[in-house]
Amino acid sequence: MGAEASGSGPALQELVREAEISLLECKVCFERFGHRQQRRPRNLPCGHVVCLACVAALAHPRTLALECPFCRRACRGCDTSDCLPVLHLLELLGSTLRPGPAAPRAAPCAPGALSCHRAFGGWGTLVNPTGLALCPKTGRVVVVHDGRRRVKIFDSGGGCAHQFGEKGEAAQDVRYPLDVTVTNDCHVVVTDAGDRSIKVFDFFGQIKLVIAGQFSLPWGVETTPQNRVVVTDAEAGSLHLLEVDFPEGVLQRTERLQVHLCSPRGVAVSWLTGAIAVLEHPLGLGSAVGSTTVKVFSPTMQLISQVDSFGLSLFFPSRITASAVTFDHQGNVIVADTTGQAVLCLGKPEEFPVLKPIITHGLSHPVALTFTKENALLVLDSAAHSIKVYKADWG
């Protein structure tokens with residue numbers, strides 16, 4: 001009995017943490033619900049729950065009209081009500097919850113640390129964004145999100161240059177985008193979880209190709225230096241390579257590069273070495289809630305290195321939950337950490353892990369990363385519904 005009881009402690013903590021993340025956070029601002037006025041959970045007429053502060057922010061100041069940020073059903077701010085089940089759950093869990101978010105954790109600001117120079121997007125311009133890419137020719141930023149037009153392209157000044165991908169049921173529409181990449185010849189490739197397909201558009205939004213029926217749940221997508229596309233299938237546990245004639249809109253060949261991956265989501269390709277990094281989210285019974293694993297493969301798909309959340313915890317005082325992965329121009333693996341609201345450098349794959357925080361302030365829920373040619377790091381912050389531009393300060 002003693003051993004059984006002692007073993008239940010970590011399991012209970014993981015259960016409480018899962019409840020905290022899944023049930024007790026407002027999924028618009030990612031702040032924890034509470035009994036204070038602004039953080040009280042409110043039922044919308046459609047059944048979705050957001051905090052009172054977000055109801056006030058979303059509602060029109062005069063008419064109080066608003067749209068549910070998730071299902072788009074129209075309602076009025078005065079039609080909301082306290083969500084009693086969430087309030088009761090807060091009372092039941094009480095002191096077992098972690099302290100509310102304070103200042104971001106103090107981490108050493110090593111050489112190479114980055115600071116935020118500007119941000120663009122914001123609520124309304126972007127709604128719950130999920131994927132980020134950079135056009136290699138024009139330098140324009142492409143984001144997929146939950147707006148009426150799912151694909152939004154920003155110019156170098158952060159203004160909206162173009163948008164397309166209507167929300168709808170037609171083959172050329174985009175139902176639920178998860179990730180995006182831009183090919184070397186400026187075609188936009190989107191993974192759509194709504195109909196489990198991959199959709200290819202030209203840079204002006206004209207549909208060129210729909211690849212359906214081949215994936216269980218296509219998630220991460222990235223362009224290779226050879227202008228091919230790699231795609232993770234989170235449900236099938238696989239990694240695929242697609243060769244496409246993009247101007248003609250013809251799928252020429254598909255190849256399954258890896259199988260037996262554990263719910264792979266994010267994927268990145270090093271343009272320096274050709275290495276491929278895959279971000280796994282194990283869902284098995286033996287996996288801790290929120291656990292993630294970064295695996296790096298050579299161009300010939302030999303496993304070079306891997307590290308999971310537990311391995312990283314041996315080098316860093318706080319739990320790390322990787323939500324996005326990319327390579328910098330020197331071939332270092334860079335990950336976003338939603339638990340610590342940070343971005344970390346893991347070093348080169350053959351040196352794993354050489355852990356160095358490079359962003360420790362100013363992020364709420366980072367979900368995507370990419371570097372510009374000028375070596376600025378773009379971070380997609382879904383809680384702030386914005387893209388933040390980080391650069392090194394050498395002075």
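Buried, as used in this briefing, means a relative accessible area under 20%, with exposed meaning over 50% and partly exposed lying in between (1.4 Å probe, protein chains only); by that definition Cys-51, at 0%, is buried. The structure is a predicted model, in which local features need a pLDDT of at least 70 and side-chain atom pairs count only at pLDDT 80 or more, while totals for chains, interfaces and linings use all residues. Residues are numbered from 1 along each chain as its sequence is written, and side-chain values use heavy atoms, with hydrogens and water left out.

**Confidence**

- The average pLDDT (the predictor's confidence in each residue, from 0 to 100) is 86 for the protein, and 86% of the residues score at least 70.
- Residues 1-7 have a pLDDT below 50, and this stretch makes zero contacts (heavy atoms within 4.5 Å) beyond near neighbours in sequence.
- Residues 100-111 also have a pLDDT below 50, but here the model contains 18 contacts beyond near neighbours in sequence.

- Over residues 213-245 the chain is 58% strand and 0% helix, with 19 Å between the end C-alpha atoms; helices (H or I, at least four residues) and strands (E, at least two) are DSSP runs, numbered from the N terminus.

- Asn-227, which lies in the loop between strand 15 (218-223) and strand 16 (229-233), has a positive phi of about 65° although it is not a glycine, and its relative accessibility of 18% counts as buried.
- Met-301, found in the loop between strand 21 (293-297) and strand 22 (303-308), likewise takes a positive phi, near 70°, and is buried with a relative accessible area of 12%.

**Strands 19 and 20**

- Strand 19 (residues 264-269) is largely enclosed by the rest of the structure, because five of its six residues are buried.
- Strand 19 runs antiparallel to strand 20 (residues 276-280) and is joined to it by four bridges, where pairing requires that DSSP finds at least two bridges between two strands.
- Val-267 has Val-278 in strand 20 as its bridge partner, and in the hairpin, which has six residues between the strands, Gly-274 takes a positive phi near 85°.

**The loop between strands 28 and 29**

- Ser-382, in the loop between strand 28 (377-381) and strand 29 (386-392), is buried at a relative accessible area of 6%.
- The C-alpha atoms of Ser-382 and Val-127 are separated by 8.1 Å, although these residues are 255 residues apart along the chain.
- Not counting residues up to four places away in sequence, Ser-382 touches Phe-30, Pro-129, His-365 and Val-367.

**Cysteines**

- With a disulfide defined as a pair of cysteine sulfur atoms within 2.5 Å, the count comes to zero.
- The cysteine sulfur closest to that of Cys-51 belongs to Cys-54 and is 3.5 Å away, which is too far for a bond, and Cys-54 is accordingly in no disulfide.
- Cys-54 counts as buried, at 8% relative accessibility.
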